Amino acid sequence: MNVALKSQSLNVSNRLGVSRLVGQSSWRRRRLLILCYHGISLADEHEWNSALYMSASMLAARLGALRRCGCHVLPLGEAVERLYRGDLPDRAVTLTFDDGYFDFLGRAWPLLQEFGYPATVYLPTLRCEHNLPIMNVLVSYMLWQRREPMLTAPEVPGLGADTYPLATPAQRTAVIKKITDTIDPSDPEPDERDAVARAIARRLGLDFDRFAADRVLTLMNPKEVADLAGHGVDFQLHTHRHRTPENDEKFVEEIRENRARIEAMTGRPAVHFCYPSGVYRRSYLPLLHAERVVSATTTQPGIADPSSDPLLLPRFVDTSTVSPAEFEAWLHGIMPWLKATV
Ligand SMILES: [Zn+2]
């Protein structure tokens with residue numbers, strides 16, 4: 001269905017009260033909607049990447065819709081327990097934020113406090129401790145922001161003497177791939193990545209240190225995490241290096257390093273996991289079990305029910321491109337209900 005038609009039919013079902021009926025059904029009451037967010041713009045990030053970033057005003061509208069639709073927003077741990085115990089409240093929803101960008105503290109947290117909603121942040125700890133902008137996203141953001149038609153940067157590894165067009169998102173992504181392909185993925189030392197981001201910034205006439213000082217595309221630091229944990233924000237597992245190695249021991253090491261660091265910062269157990277970049281393998285499930293991980297979320301779109309594998313829980317990734325009507329259809333459950341029954 002095209003976007004306009006989908007939006008129109010959802011508006012009609014909202015008006016006719018079909019959404020409300022599904023929202024009040026025992027079908028919806030047995031289910032938990034886990035919402036996934038990434039960044040909330042400090043400035044214009046949502047104009048650069050509408051799949052990764054949302055404006056603060058849009059997040060405020062989403063939280064308003066949760067309240068208007070009578071959703072019960074539960075902490076992740078409680079929600080998962082009640083999902084399997086079969087005593088969820090009406091229209092149960094859980095809010096999760098992936099990656100722990102600084103803008104969670106700057107933009108999302110004040111809104112969550114205003115609405116009184118709990119939230120879980122899945123935190124990769126390497127870039128929390130090594131607190132500088134994330135190279136690949138910052139490079140993408142800078143290439144977009146500068147709007148240069150072409151780039152020649154022989155000093156940047158992987159680019160050589162060639163000139164690259166930058167007009168379209170696909171062309172900009174191709175440049176970033178050229179660079180990241182030259183960086184050894186088994187060597188996660190962040191300094192090399194910082195040097196690349198600095199070199200591109202210099203070439204584009206932008207100030208890397210300004211981005212770093214403004215915390216653009218930078219994660220929360222350990223002190224900020226500790227402070228927010230003290231105010232009730234739930235920090236959970238997302239691997240130390242934001243990666244999913246195929247090798248069993250390396251994967252387990254990622255979980256253990258991540259857990260030790262999060263628990264040291266927050267003083268609370270980290271037992272819920274989110275697969276970085278939505279990548280999961282069947283081979284991970286027994287490993288997560290053995291590490292006493294209670295739940296794991298994917299980016300498979302859907303609503304969790306008691307038959308869902310707790311280590312493969314679906315989520316709805318809410319982005320700037322989702323219309324208000326579609327968002328409400330997810331809250332009431334009509335969207336997943338249509339998927340399951342039609
Ligand atoms: Zn992530």
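**The cysteines and their surroundings**

Reply: Let's start with Cys-36: its closest cysteine sulfur is the one in Cys-274, and at 6.5 Å that is too far for a bond. Keep in mind that this is a predicted model, so every value here is computed from it. The cut-off you need is that a disulfide has its two sulfur atoms within 2.5 Å. Now try Cys-69. The closest cysteine sulfur to its own belongs to Cys-71, 5.4 Å away, and that is also too far for a bond. What does a search of the whole structure turn up? It finds 0 disulfides.

Let's zoom out a bit. Of the 342 residues in the chain, 53% count as buried. Along its principal axes, the C-alpha trace spans about 60 × 45 × 35 Å. The chain has 17 helices and 12 strands. If you take the contacts with a separation of 6 or more, 68% of them are between residues 24 or more positions apart.

What about the outside? The accessible surface comes to about 15,000 Å², and carbon and sulfur atoms account for 53% of it. As for charge, there are 39 positive and 41 negative side chains, and the centres of the two sets lie 6 Å apart.

Some of the loops are worth a visit as well. Ser-55 is in the loop between strand E3 (53-54) and helix H5 (56-68). With a relative accessible area of 16%, Ser-55 is buried. Which residues does Ser-55 touch, leaving aside its neighbours within four places in sequence? They are Ile-40, Ser-41 and His-46.

Next comes Arg-215, in the loop between helix H12 (208-214) and helix H13 (222-230). Not counting residues up to four places away in sequence, Arg-215 touches Leu-42, Phe-102, Asn-131, Met-220, Asn-221 and Glu-224.

Asp-99 has a positive phi of about 90 degrees although it is not a glycine. You'll find Asp-99 in the loop between strand E5 (92-98) and helix H7 (102-115), and it is buried, with a relative accessible area of 9%. Arg-147 also has a positive phi, near 55 degrees, and is a residue other than glycine. Its loop runs between helix H9 (135-146) and strand E7 (150-152). Is Arg-147 buried or exposed? Arg-147 is exposed, with a relative accessible area of 55%.

Terms used:
Residues numbered from 1 in each chain as written. Predicted model: local features only at pLDDT ≥ 70, side-chain atom pairs only at ≥ 80, totals over all residues. Heavy atoms only, no water. Helix = DSSP H or I, 4+ residues; strand = E, 2+ residues; numbered from the N terminus. Buried < 20%, exposed > 50% of the residue type's maximum accessible area, 1.4 Å probe, protein only. Contact = heavy atoms within 4.5 Å. Areas by Shrake-Rupley, 256 points an atom, 1.4 Å probe, with all protein chains shown as cover. Lys, Arg positive; Asp, Glu negative; His and termini not counted. Charge placed at Lys NZ, Arg CZ, Asp CG, Glu CD.
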